[in-house]
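Q: I have just opened this entry and am new to it. Please take me through it slowly, starting with whatever wording I will need.

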Amino acid sequence: MGHRIQRVRRNLSETLAIWLGSRSEWCIGQIRIARAAQGFDLCHRDDSNRDDLKVFSSPFDARFLAQWDDADAYRPLKTAPNLRHGWRLILPDIDELRHAIDYFYPAMLGLLRDWDRSALKPVPLRETLSRQSGMYVMARKISDAQAQDTIAACCNSQSRCLKIILWRISAETLITALPEAKFIPPEAASASGRENFPMLCDEACNLLVSESRAAVKRAAQSDSPSRSQPK
Amino acid sequence: MEKIRSLGVFGEVCCAFWKEEPSLRQVMHTIDSEEVYIVPNFISEGYFTKTVIPRELELSGRVTRRGDRVLKYCDPVGNSERVTELLLRRAAEAAPGVSPAETSLVIVGHGTDLNENSAAAAKREVEKIRAMGIYAEALNAYMEEPPLIAEWDRLASQPNVVVVPFFISDGLHSYEDIPVLLGMENAPRREGIFSAKAAHLRGRSLYYASAIGTEPLFAEIIVEQALAFDPQWDIESNA
């Protein structure tokens, strides 16, 4: 393997450096990022005043820190508001910061970059569901009312997901089951960079697709006894 | 992914998942490169490589041009000739010092209609191993269709039996389900199920290997699948 394939024009690390600007502290999700003497110092936002944190030094450590919550339960959704506490991650440069954020919050920097360059096209829930195949075909039968309830249960920022929702149920149908703050798109980065890195949801994730299928199944099961009753 | 990054062959290396993050839908937003090789980490062609991945990544064929990007959809890792080598290496590691001439090698796949292609790939591998004549016999078995792995002692004729799961990664099937079907365990457990020690069961010495995807050589196979896509790829020599 004596060759190297490398044709890179975009550079997410450079974009991140522009966003960081001259500030000394930033937030993404539940993480506080501070500029350190050399590099960057990350911890849970709740832990910024603690001095008993366990110190890590590789972006790869972020993968494991992101995997389980405080109760050691697996975190199937990395943007859920249950990031574990008690750690500090010290990274030497912007490339390692980018990789660590990609482990903590996969794809969130990339989505924000494409939002900034107007290259992010939100996909309505109906379109996502109609694309499904196999066992998920059933999910497309979800009613608007069921979809509202499912989205409220699966996507609320208090207990399930911190992302800003950019999509609708359909072109005509807005999501009304969550507070308006859940849908406010981020402003473009200012000349001095960004203080917060908003996490964006441009399309329903597989967890919501799966929950939509479950909602349709539940409704079908609760309907079926009445259908089978003698007239 | 870290292993492939460390090989230094590609400008960047990303992974994407069907059920985890980053998803197949998200991953393209994270990529800087204009030329993207997509290698399905699947043991065979099938529903995921033919339907799900092309649909989710919006691929139009083997080569998709989108804006300033070229997306190259490679063969799944299971199509590599070196899968045979990995299966044999796993088998040898699981039963060190055991004579292949007195050993039945059993490759165990999932089975069921949903995994038709997986069964075909497992059969192909067993035929290749059989033709090499290293083991006294090489057999296919499945979890959910005949020949059933639960009947391994009736299928295999030799005093030593080496079982290698035909799965990319160690998960529920290789950790829990297959050991129970083999009779090694009454109940599923995770620790220490793969060891180089024989289990003496049903009058035989039974050796159980871990899935081939955990083999370090696997990272090289992923890279080779990408490099094999197009021998004319645009290269810059390291020299």
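A: Two strands are said to pair if DSSP finds at least two bridges between them. Strands (E, at least two residues) and helices (H or I, at least four residues) are themselves DSSP runs, numbered from the N terminus. This is a predicted model, in which local features need pLDDT of at least 70 and side-chain atom pairs count only at pLDDT 80 or more, while totals for chains, interfaces and linings use all residues. Residues are numbered from 1 along each chain as its sequence is written, and chains are lettered from A and ligands numbered from 1 in the order in which they are written.

Q: Is A:Ala107 buried or exposed?
A: A:Ala107 counts as buried because it has 26 C-beta neighbours inside 10 Å. A residue is buried if 20 or more other C-beta atoms lie within 10 Å of its own, exposed if 12 or fewer, and partly exposed in between, with C-beta atoms placed from the backbone. A:Asp72 has 8 such neighbours inside 10 Å, so A:Asp72 counts as exposed. A:Asp72 is in the loop between helix 2 (59-65) and strand 6 (87-91) of chain A, whereas A:Ala107 is in the loop between helix 3 and helix 4 of chain A.

Q: What about helix 3 of chain A, how many of its residues are buried?
A: Helix 3 (residues 94-104) of chain A is mostly covered, with 8 of its 11 residues buried; among them are A:Glu96, A:Arg98, A:Ala100 and A:Phe104.

Q: Which residues touch the most other members in the largest nonpolar core?
A: A nonpolar core is a set of buried Ala, Val, Leu, Ile, Met, Phe, Trp, Tyr and Cys residues joined through C-beta atoms within 7 Å. The largest one has 57 residues, and those touching the most other members are A:Ile28, A:Leu42, A:Ala100, A:Ile101, A:Met108 and A:Leu112. Helix 4 (residues 108-116) of chain A gives the largest share of this core, with 5 residues. A second, separate core has 54 residues, including B:Val39 and B:Phe166.

Q: Going back to A:Met108, what is A:Met108 in contact with, leaving aside its neighbours within four places in sequence?
A: With those neighbours left aside, A:Met108 is in contact (C-beta atoms, placed from the backbone, within 7 Å) with A:Ile28 and A:Met199.

Q: Switching to chain B, how many helices and strands has it?
A: Chain B has 8 helices and 9 strands, and 38% of its 239 residues are buried. Chain A has 7 helices and 8 strands, and 32% of its 231 residues count as buried.

Q: What is the strand order of the open sheet in chain B?
A: The order of this 3-strand sheet is 1-3-2, with mixed pairing, and its edge strands, each pairing on one side only, are strand 1 (35-38) and strand 2 (63-66) of chain B. Strand 1 and strand 3 (residues 69-73) of chain B pair in the parallel sense over 4 bridges, and B:Glu35 stands opposite B:Val70 in strand 3 of chain B.

Q: Last one: where are the cis peptide bonds?
A: One joins B:Glu21 and B:Pro22, with omega about 0°, and another joins B:Pro146 and B:Pro147, with omega about -10°. B:Pro22 is in the loop between helix 1 (2-7) and helix 2 (27-30) of chain B, while B:Pro147 lies in the loop between strand 5 (137-142) and helix 6 (152-155) of chain B.

Methods: Two residues are in contact if their C-beta atoms, placed from the backbone, lie within 7 Å.
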